[in-house]
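Biologist: I've just opened this one and would like to go through the packing with you. Could you take my questions one by one?

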Amino acid sequence: MADSNFEPRILAFLCNWCTYAGADLAGVSRLQYPPHIRVIRVMCSGSVSPHHVLRAFQKGADGVLIGGCHIGDCHYLKGNYMTIKRMRFLQDLMKFVGMEEGRLHLDWISAAEGPKFAQTVRDFTAKIQKMGPSPLKQAARAA
Amino acid sequence: MSAKKQGSKPVGAVMVVGAGIAGVQAALDLANSGFYVYVVEKQTGIGGVMAALDKTFPTNDCSMCILSPKLVECGRHLNIEILAPAQVKGISGEPGNFTVKVKQPARYIDPAKCIACGICAQKCPKKVPDEFNQGLAPRKSAYVLYPQTVPLKYAIDAATCLYFKKGGKCKACEKFCPTGAVVFDDQDKERDIQVGAVILAPGFKIFDPTPYASYHYTAFPNVVTSMEFERILSASGPFEGHLVRPSDHKEPKKVAWLQCVGSRDLHRCDNSHCSAVCCMYAIKEAVIAKEHSKNGLEATIFFMDMRTMGKDFEKYYWRAEEEQGVRFVRSRIHTVDPVPGTDDVQIRYIDEEGNIKDEVFDMLVLSVGLETSPDVMELARTLGVDLNTNKFAQTSPFTPVSTSRPGVFVCGAFQGPKDIPQSVMEASASASAASALLTAARFSLARKKPEFPERDVSQEPPRIGVFVCHCGINIAGVIDVEAVRDYAKTLPFVEYVENNLFSCSQDTQELIKERIKEHHLNRVVVASCTPRTHEPLFQETLREAGLNRYLFELANIRDQGSWVHMDVPELATKRAKDQVRMSVSKVALQQPLVEFSLPITKVGLVIGGGVAGMEAALGLADQGFKVHLVEKKDFLGGHALELNHAWTGEAIKPFVDKLVKRVTNHPKIEVHLNSELTEVTGFVGNFKSTVTTQGRDTAVEHGTAVIAIGGHPYKPTEYLYKENPRVFLALEMDQAMREKNPLVMGAKSAVFIQCVGSREPERPYCSRVCCTHSVESAVKLKELNPDMDVYILYRDMRTYGLRENLYKEAREKGVMFIRFDLDSKPKVEQTADGGLKVTVLDHVLRLPISIHPEVLTLASAIIVKDQEKLAKMFKVPLNNEGFFLEAHMKLRPVDFATEGVFVAGLAHYPKPLDESIAQAKAAAARAAVILSQESIRAGGVVAIVDPMLCSGCQACVEVCPFGAITYKEDEAVAEVNQALCKGCGTCAATCPSECITLLGFSHKQIYAQVDQALSEEAAG
C-alpha cells in the first residue's frame, strides 16, 4: 500500500468517566493498538466544543476521535446528547467545506469496554491511513 | 450497645493487628471516621501478602499499583500509628477499655534517622534468602521488606547479621550509614496501649508442601509454590518479570498447575477446608504467564472442581479456556517423577474416563492452600479468641466479624480463607462493629488534619517539575523513561526533571515535596499510570508541600502508553514525550482553584429491607446516625425469611425476627414500608430524595445512600418446573421441609440439579450459594430419612472455604454426587403415573443413568430485578448481568464511583447470608466515614462565567443538567451556583463567546493541549 508509511496524527478527546476509563482498561488488559493517537482527558464529551475540534484539524490532525459514555450512562445525565448534536453539525460543516466527515469519529465506549476502545482505535487508525493526510494539512503546506 | 464501665466513656482508639490489605482498610476506615488507630504488624513494614502478588484477578490489575496508594495513605495518616515490627503479648480490660501489651523488637536502625538510601544493604556482606521473594533471591542482613513498603525504613535482621553472630565484628553498615542511624545496642521495647476495641487481621500463611514427598517440592527446583510463581511473574521479583524456571533460568514451554495442595485433603495434611482462592489465582497465573511468554506457553491446570464463584470469575474462567487457550484437566495428580537427564518432571494422572496418562512438563506450580500460622494461633490464645476445627477464628454467620471475645473483631483470611474483595468488605465491616461499640468516644483521641498554608504562586512565572515513573518495568520496560525525562527538561517553564522507580511510593512523595522546596517549583507533572487512580495521591503531596493541589497534571504513559504499545517502544516513547509536552503546556496555564466547605446532612438512607438493608441501617443507627429504611413490601426480612438454616446449621428465622424487632424499635431508624424511592436530587452529604408510600410523597434529606435491594430466584422454564408438583426450587424445598410437606417427608429418593440458569451463556455467572444450599438440604433429607436415596447432579461442586466440611459430611452420609457438563445436561421427564424420571450421563461410566426421584429440587440462579430505575436515579452503573457495579472490584467492593452511594447484599452479586451481613456492615462503615465529618469540600473543578464577556444569551442555562446556572435579569448575565455545579463543562462548550471556563479544563488549556499534540517539532 502506498500509504503504509503514512503515520497519521490522531487526536482523541475522551470523557473522564467512561472512555478514558475504557482506555485505561485496554491498558490493564494489555490490548495493543496503534500508537499514533494522543489523548486529551475531558470531564464530559459534552464539554468538547466544535472550536476545539476545528482547532485540531487546523493544526494538522488527520483524524479526531471523541469518546463518551453510552447514551443513558452519562455521569452528568445528558452531556453526551450535546455531543451528538455538536458532532453531527460539525460533520455537516466538514462536508460543506469539502472535507471527509469520516475524519471525525464519535463513539460510545464504557469503562468496561477496554476491547472496544482498542478496536475503535485500530479501526479508526486504519481508516485514516487509507484516507491519507488531511487535506487541510496539504493545503497549509502548499500555501 | 455500650459495654463500657458505668458512666465512663470508652477509649476512642482501636488496635488493628496485622497490616495486610484487610488491616490497612480497617485502619483507614476507622481513622477516617474519628478514631485513633494503632496498627501492629509483625514484619518491618506493612502490605502483607497482597504486596507480593503480581496481578489480581479478575481485572488483572497490578497488585502493587492498586495497593500502594492505600499503604501511602495509611503511612501518612495523622490518626494511624504503625508499629512494625511488633507483636501483641497480652490483653486485659473489657470491651471499650482494653490495655494491650505490645512488644516492639529492636530494628537496630533508627527509623527517625534512616533515609532509606540503601547503603547499609549495599555494604552488608551477609546474604540471606529473601522471604518476600519466597527465598528465590537473596537479600542482605540489613534490609528493607520491599521497595514500596511503609514505613520505608531499613532494619537489621539480628538472626543472621555477622555483628551479632561473630561477637561485634563487621559493622559495615554502621561505618557507611550517612545519617548514623545504625544502633547495634537497640533494645526490644514493651508498651501498654489503651484501646477501646481490637481488630484482628493477621492473615494466613501458605501451606508448606514439603511434607508432600510425592510432589518432590524440595528435591526438584522446577516444582514451585504458587507464591513463588507470583514472584517469578512480578516485575519487581527475582527475575524482573521474565518467565523463567529456577533450575536453568530458561523460559518454560509447558507449565502445569496442581490444585488443592494443602486444601481439601485429610490424607497428607489436616486441611479439610477449601482455600477458596486457588482456582482463580491459578487461572490468573496461567493467563499472565502466557502473556509473559515469548514463545507460546502451554498452560495446564489439573483440578478437582473449578471454583470460580465470585463476581466476574466465571467469565474469566471461560475466557482463559476459550480465548487464552489455558487447558483444564479434571484430575488429581498422584505421581510426579523426574525425567532423567533433564530438569523436567513427568506427571501421571487418571483422566475422567479412567485412562492413565503420562505427561512431561518443564515446571510444576503447586497451588498451595491458605492456613492459620502457629504465630496467629498463639495470638488467638493470648487474646482468648476461640478457633474453629479448621483453626480459623470462630464466628457466627450472623455476626461474621465478631470473635468469641466481645470487643475483639476479625476480618480477612483469619476469619476463613477468602479473596481480597471479601477481605476488604470484612475489614470495613469490622471497622463498623468497632465504631458502634466506641461511638461515644468518636473524635476524643483523633487529631484534626492540619491545614497547610498555601503558598501564593499567582505572581510567579510557572516553574514546573516533571517526574517520570519507571513503575518497576511496567513503563521502563517499553518506554525510554530517561529520554522522556531529558526531553521534558527542554520544555518551556520546566525547571526540574527526575526519574522514579515508583513515583507513587511514600519515599517519592517525600522526595517530590523536597524538590518543590529546593527548586521553588510551583507546578508538577508526573508521567506515570493514570490520573483516575493516582491523581489524589499526588495532589495531597502538593498540598503538603504548600501548593494548591490543582497545580498538578498526570501524563498517562502506562495504561495508555507502555501497556498498549508494547511492541513499538520507539513510538511508545514518542507518544509519551508528546503526552508529557501536552501536560506541561496545560499545567503551565493552570491557576490555583479554591475549595469551600458544605454542611453534611448526618442522615443515612437505606433502600431495601432485607437482611443486608437492615444490617446496614443498624450499622449506621448504632453509630448514632439517623436512618431512613425504605422497603417496597409491607414487611421487613426479604428472602431470608424463606431460608431454613445457615450452612453451619443455625436457624435463620429467629435471627431475622430479632433483627426486624431491633430495627423497628430503634429510635434512630425510621422504617418506610410499602414505599419506593421515586426521586433523587443533590449530591454526597446533601441528597434530597422523595419516598413514595402508597401514593403519598415524603421528602427525605440524607447525606449517604446504601442500595440493598436484594436478589430473586430465577424461575426456570426447563426441568418441568411449574409443570409437575414434585419439582421445587431451592427456597420452595426449604418451605416444604419447614411445613413437613408429605411429598418430601415420605420420599424415598430425591434429586438436586445444580446450575439451573447459572453458568449458561445467557447468565454467565455462578450464583455462589446454590451448591452449599443443595448440599445442606441433602444432608437434612438424609437426617430425616437415612434410607432416602439423595443425588446431587452438579457441574463443579463449589462448597468453597469451610463449606467443604459440609460437602464431606454429605458424602459420609451417603449423598451421591454425579457430575455433568453443560453440553450434556440432565433430562427430566414425566412418567405415565405422573412421577419423574431424571436421566444423566455418568461421567465415569460414560453411560446414561436413570433415576426416579420422588422430589426434584432445582438450584436456580439468583437474579436481580427492578434495578435500572434506581441505578439511573443515583447515576450508578450496572454490569452486563444487571448487578450493581462497584467502584473497584478489588479494593472498593461496596463503594460506587458516585460519592456517597454504596451497595450491599445480593444486588451486588449472589452471596450467602454471612457475606451479605459483612457487606452491609461494610457499607455502613463507608457511609459513616462521610456522615462523621463536619463538612464536605466543594468547589475546585467547577464552571465560572466571566460577566464582562457574557452576552446574556442563556444558552448555558438551557444545557446545564443540574440547574446550576441562573440568569440574573438585572445584570443581564448568567451565573453558576458552585455548590450545584458538578463540573461537566457542557456550558463551557456551549457558550458562543467562550466566556464560561471549566476551571482545570479551560479553553486555553485545551487549545494548548491540541496545539502541543499536533506541533510539528517532533518529540525525538
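This is a predicted model: local features need pLDDT of at least 70, side-chain atom pairs count only at pLDDT 80 or more; totals for chains, interfaces and linings use all residues.

Biologist: Which residues is Arg38(A) in contact with, leaving aside its neighbours within four places in sequence?

Modeller: In chain A, Arg38(A) is 25 residues from Phe13(A) in sequence, with the two C-alpha atoms 8.7 Å apart. The contacts in chain A are Leu11(A) and Ala12(A). Those in chain B are Arg575(B), Asp578(B), Gln579(B), Met582(B) and Ala1013(B).

Biologist: Stepping back to the whole contact between the chains, how many residues does each chain put in, and which class counts 22 on the side of chain B?

Modeller: Chain B gives 43 residues and chain A gives 38. On the side of chain B that touches chain A, helices α13 (531–544), α14 (558–562), α15 (569–588), α25 (986–990) and α26 (1003–1013) each supply at least two residues. By class that side has 10 polar residues, 11 charged ones and 22 that are nonpolar.

Biologist: On to helix pairs: how do α7(B) and α8(B) sit relative to each other?

Modeller: The axes of α7(B), residues 278–292, and α8(B), residues 313–322, come within 10 Å and cross at roughly 40 degrees. Angles under 35 degrees would count as roughly parallel, and 65 to 115 as roughly perpendicular. The pair is therefore oblique.

Biologist: What classes of residue make up the contact of α7(B) with α8(B)?

Modeller: From α7(B) come Met280(B), Ile283(B), Ala286(B) and Val287(B), which meet Phe313(B), Tyr316(B), Tyr317(B) and Ala320(B) in α8(B). The contact has no polar and no charged residues, and eight that are nonpolar.

Biologist: And what about α2(B) and α13(B), what orientation do they take?

Modeller: α2(B), residues 63–76, packs against α13(B) at an angle of about 20 degrees, with the axes 11 Å apart. Under 35 degrees is the cut-off here, which makes the two helices roughly parallel.

Biologist: Where do the buried residues of α18(B) fall, seen down the axis?

Modeller: α18(B) spans residues 730–738, and its buried residues are Ala730(B), Met733(B) and Asp734(B). Seen down the axis of α18(B), they fall within an arc of 105 degrees, so they line one face of the helix. What covers them includes β38 (727–729), α20 (770–784) and β45 (855–860) of chain B. In short, the buried residues of α18(B) lie on one face, within 105 degrees.

Biologist: Which residues does His773(B) touch, leaving aside its neighbours within four places in sequence?

Modeller: His773(B) is in helix α20 of chain B and counts as buried, with 24 C-beta neighbours inside 10 Å. Pro912(B) is 139 residues from His773(B) in sequence, yet their C-alpha atoms are 9.2 Å apart. The contacts of His773(B) are Ala730(B) and Ala859(B).

Biologist: What do the buried residues of α21(B) pack against?

Modeller: Those residues are Glu804(B), Tyr807(B) and Ala810(B), in a helix that runs over residues 804–812. Seen down the axis of α21(B), they fall within an arc of 115 degrees and so line one face. They pack against α20 of chain B.

Biologist: Last one, on backbone geometry: what phi does Tyr108(B) have?

Modeller: Tyr108(B) is in the loop between β7 (97–104) and α3 (119–123) of chain B. Tyr108(B) is buried, with 25 other C-beta atoms within 10 Å. Although Tyr108(B) is not a glycine, its phi is positive, at about 65 degrees.

Conventions: Residues are numbered from 1 along each chain as its sequence is written. Chains are lettered from A and ligands numbered from 1 in the order in which they are written. Axes are lines fitted to C-alpha atoms, for helices over the stretch in contact, and angles run from 0 to 180 degrees between N-to-C directions. Helices (H or I, at least four residues) and strands (E, at least two) are DSSP runs, numbered from the N terminus. Angles under 35 degrees count as roughly parallel, over 145 as roughly antiparallel, 65 to 115 as roughly perpendicular and the rest as oblique. Two residues are in contact if their C-beta atoms, placed from the backbone, lie within 7 Å. Ala, Val, Leu, Ile, Met, Phe, Trp, Tyr, Cys and Pro count as nonpolar, Asp, Glu, Lys and Arg as charged, and the others, Gly among them, as polar. A residue is buried if 20 or more other C-beta atoms lie within 10 Å of its own, exposed if 12 or fewer, and partly exposed in between; C-beta atoms are placed from the backbone. The arc is that of the directions from the helix axis to the C-beta atoms.
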